[in-house]
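Thanks for coming. I'll go through one structure this morning, taking a few helices and a few single residues in turn.

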Amino acid sequence: MPVLSPNLLSNHRELRLAHLALGFISMGYVWQEGQQSPAQILPKALALPYWLVSDRLGLPAILTYADSVLCNWKLRDPTGDMEIGNLDLIFSFPGGESCRGFFIVSLLVEMAASSGITGALEVMHAMKICDLSSLQRGLVKVTQSLKKMKETFKLMHNHVDPTAFHGTLRIFVSGWRDNPMLPRGLLYEGVSNEPILLSGGSAAQSSALQCYDALLCIQHDDETGAFLTRMREYMPPAHRRLIETLSVCPSLRDFILSHPSSDLCQAFNSCISALVDLRNYHLKTVAKYVILPGSQAMGCPLRGVGTALNTTGTGGSSFMVFLKSTRNATQKALIQERPSASRETEI
């Protein structure tokens, strides 16, 4: 293939589409022979334009969650609604309907988060002007959004087959950092003389979930926190800046603790409980789609993932440890409500 120049790509949409296309082609190239013989070198015809496009977008040169989920969809009927029956993928991997279902359900989960992100901004503004009623309404929006995310996530079971996901699709979203199949990384020909280490796309790269963590003052342990912070490098720069802004704002939890309002406390705890429920559901879903198929050693017609990623996520984390850690850290953010006066007398 000739080495194409990205210089004629003139706007953000064109650059994002190019990043998406180059990401799918690169993942297909690297993993086309499965875990037995992944490509060690990305040819210059892919590597150089991919690197240049990525640099202009402020994204890494690998298929990210923001690529495969947030900008890999189209409407079958342009006049119809954004619901699962009217959505299709722009680019796809092997896996048939399970591939479409995996990325489209993930997109719908992110869409369900949008009202909660608006609520988060309302909460931060209300805290700034000490408007307790608006703050409570914003927290209710966040809770409702988190509950909708969980309900939407349940669509995964109707549209994604565990055998197809684990045995065929999963390897194609795997990266080359902390991956036993490519322990040294991937050499980008024409870009670097040494292999480059990059993580594959995963839900840890979801901007929405990290926004919620920042808003609700979730304190992750050192290893989990460092991994989540590194995953921000795989998000669009504007998303990254929003999370960083929320992270340095005054603590919402401390604000609520300094205002003795049981309604505010309950609204905050409802958000925390909804986020815990979502993370618990994610844990159970991972067990169904990764742990169980991995233990049964399901076959793969493309000599795919096999057992190499049975304990490691596509982003490179030890995923069950990571998911339990994020869930437990979320639980710890609950505020212990003060006992009422009558209750204190009774004690």
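When I say contact, I mean heavy atoms within 4.5 Å. Bear in mind that this is a predicted model.

I'll start with the one residue here that carries an annotation. The UniProt record, an unreviewed entry, has a "binding site" annotation that covers His282. Such annotations may be inferred rather than shown by experiment. His282 sits in helix H12, which runs over residues 262-296. Is His282 buried, partly exposed or exposed? Its relative accessible area is 22%, and buried means under 20%, so His282 counts as partly exposed. Setting aside neighbours within four places in sequence, the contacts of His282 are Phe153, Ala203 and Leu323.

Staying in H12, the next residue is Ala267, which also has its place in that helix. Ala267 has a relative accessible area of 9% and is buried. What does Ala267 touch, not counting residues up to four places away in sequence? The partners are Gln136, Leu139 and Thr143. There is also a C-alpha distance to note: Ala267 and Arg137 are 130 residues apart along the chain, and their C-alpha atoms are separated by 8.5 Å.

Thr143 can be read from its own side. This residue belongs to helix H5, and H5 covers residues 132-153. Thr143 is buried, at 8% relative accessible area. Leaving out neighbours within four places in sequence, Thr143 is in contact with Ala267, Ser270, Cys271 and Ala274. On spacing in helices, an α-helix has 3.6 residues a turn, so residues three or four places apart point the same way.

H5 has another partner, helix H8, residues 207-215. The two pack at an angle of about 145°, and their axes are 13 Å apart. The crossing of H5 past H8 is left-handed. Which residues meet there? From H5 they are Val142, Ser145, Leu146 and Met149, and from H8 they are Leu209, Tyr212 and Leu215. By class, the residues of this contact come to six nonpolar, one polar and no charged.

Now H8 by itself. Why call H8 largely enclosed by the rest of the structure? Because nine of its nine residues are buried. Among the buried residues of H8 are Gln210, Cys211 and Asp213, along with Ser207 and Ala214. Just after H8 comes Cys217, with a positive phi of about 60°.

That brings me to the cysteines. How many disulfides does the model have? The count is zero, where a disulfide would be a pair of cysteine sulfur atoms within 2.5 Å. Take Cys271, one of the contacts of Thr143. The closest cysteine sulfur to that of Cys271 is in Cys217, 11 Å away, which is too far for a bond. Cys271 is buried, with 0% relative accessibility. Cys99 is also at 0% relative accessibility and counts as buried.

Back to phi for a moment. Most residues other than glycine have a negative phi. Cys130 has a positive phi, near 60°. Cys130 has its place in the loop between helix H4, residues 97-128, and H5. Cys130 is partly exposed, with a relative accessible area of 44%. The other is Asp178, whose phi is also positive, near 55°. Asp178 is in the loop between helix H7, residues 162-169, and strand E4, residues 187-188. Asp178 is partly exposed, at 45% relative accessible area.

One glycine to finish. Where does Gly95 lie? In the loop between strand E3, residues 87-89, and H4. With 24% relative accessibility, Gly95 counts as partly exposed. Not counting residues up to four places away in sequence, Gly95 touches Ala164 and Thr168.

To recap briefly: the annotated residue, His282, is in H12. H5 in turn packs against H8, and H8 is largely enclosed by the rest of the structure. That is what I have.

Terms used:
Residues are numbered from 1 along each chain as its sequence is written. This is a predicted model: local features need pLDDT of at least 70, side-chain atom pairs count only at pLDDT 80 or more; totals for chains, interfaces and linings use all residues. Side-chain values use heavy atoms; hydrogens and water are left out. Axes are lines fitted to C-alpha atoms, for helices over the stretch in contact, and angles run from 0 to 180 degrees between N-to-C directions. Helices (H or I, at least four residues) and strands (E, at least two) are DSSP runs, numbered from the N terminus. A crossing is left-handed if the near helix is turned anticlockwise from the far one by less than a right angle, and right-handed if clockwise. Ala, Val, Leu, Ile, Met, Phe, Trp, Tyr, Cys and Pro count as nonpolar, Asp, Glu, Lys and Arg as charged, and the others, Gly among them, as polar. Buried means under 20% relative accessible area, exposed over 50%, partly exposed in between (1.4 Å probe, protein chains only).
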